[in-house]
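Here are my notes on the model you sent over.

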Amino acid sequence: MREPVRLRLPIAFEPLPRYSTGMTAARYTSFMGDALEQAHAAVAVDEVPVGAVIVRDGHIIGRGHNRTRIDQDPTAHAEIVAIRQAARFLGNDRLDDCDLWVTLEPCTMCAGAIAHARLRRLYYGAEDPKGGAVDSGVHFFDAPTCHHRPEVYAGIEGKRSAELLLDFFRGRRD
Ligand SMILES: [Zn+2]
């Protein structure tokens, strides 16, 4: 069985300009800024600030932020919302060659959805020791029952992603 690929990027990972040059740009362009934009949009509607985008061939084909309360849907996590939009866009339940950028380490449900969607790469921001399921908790992609493992890149804009969440919950307590 293939070992999951993990690469820990420094927090100050600087994205290159979007559509500059072929392969290099595709490999090193960060879409975490777009995921963070989604997380900010969640704050505006009083939802927990987690945002996600799905990218294929350098283009965003799905976006989402947490909307569990607005939709009265416990499954409406940012990743699920973005996966649904991308699958509709492609007219396919498999998101081959697509990458997911999300501001927080995915939970067990979302890790399951990532595997079902056959996403190629997962880039996430802040670690979530309490609710995460990739490098925390159940380590979903390491389980023998997991049949698809994306490449995982952790810690991209992790500090900004975590601060957004901390500010949100701090604001709620006040
Ligand atoms: Zn989730």
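1. At what angle do the axes of α3 and α4 cross? Before the answer, a word on the ground rules. Residues are numbered from 1 along each chain as its sequence is written. This is a predicted model, in which local features need pLDDT of at least 70 and side-chain atom pairs count only at pLDDT 80 or more, while totals for chains, interfaces and linings use all residues.

2. Now the answer: the α3 and α4 axes cross at roughly 20° and come within 9 Å. Axes here are lines fitted to C-alpha atoms, for helices over the stretch in contact, with angles running from 0 to 180 degrees between N-to-C directions. α3 is therefore roughly parallel to α4 (angles under 35 degrees count as roughly parallel, over 145 as roughly antiparallel, 65 to 115 as roughly perpendicular and the rest as oblique). From the α3 side, E79, I80 and I83 meet C110, A113, I114 and A117 of α4; two residues are in contact if their C-beta atoms, placed from the backbone, lie within 7 Å.

3. For the overall layout, the protein chain has 5 helices and 6 strands, where helices (H or I, at least four residues) and strands (E, at least two) are DSSP runs numbered from the N terminus. Their order along the sequence is β-α-α-β-β-α-β-α-β-β-α. Among contacts with a separation of 6 or more, 57% join residues 24 or more positions apart.

4. How much of the protein chain is buried? The figure is 37% of its 174 residues. A residue is buried if 20 or more other C-beta atoms lie within 10 Å of its own, exposed if 12 or fewer, and partly exposed in between, with C-beta atoms placed from the backbone.

5. Back to α4, which spans residues 108-117: its buried residues are C110, A111, A113, I114 and A117. These lie on the same side of α4, because they cover an arc of only 160° around the axis, the arc being that of the directions from the helix axis to the C-beta atoms. An α-helix has 3.6 residues a turn, so residues three or four places apart point the same way. The cover over the buried residues of α4 includes α3 (78-90), β4 (99-104) and β5 (121-126). Just after α4, R118 has a positive phi of about 60°.

6. The largest nonpolar core holds 43 residues, and those touching the most other members are A35, I54, A82, L100, W101 and V102. Such a core is a set of buried Ala, Val, Leu, Ile, Met, Phe, Trp, Tyr and Cys residues joined through C-beta atoms within 7 Å. Two or more residues each come from α2 (32-44), β2 (51-56), α3, β4, α4, β5 and β6 (151-154). With 6 residues, α3 gives the most to this core. Setting aside residues up to four places away in sequence, W101 touches F31, M32, D34, A35, A52, V53, V55 and Y123.

7. Please also look at the end of β4 and what follows. L104 lies in strand β4 and is buried, with 29 other C-beta atoms within 10 Å. Its C-alpha is 6.1 Å from that of E127, 23 residues apart in sequence. E105 sits in the loop between β4 and α4, and counts as buried because it has 28 C-beta neighbours inside 10 Å.

8. Which residues other than glycine deserve a backbone check? D57, in the loop between β2 and β3 (59-65), has a positive phi near 50°. D57 is exposed, with 8 other C-beta atoms within 10 Å. Q72, in the loop between β3 and α3, also has a positive phi near 50°. Q72 counts as exposed, with 8 C-beta neighbours inside 10 Å.

9. Last, α2 and α5 (residues 158-173) pack at an angle of about 5°, their axes 11 Å apart. They are therefore roughly parallel to each other. L36, A39 and V43 of α2 make the contact with R160, S161, L164 and F168 of α5.
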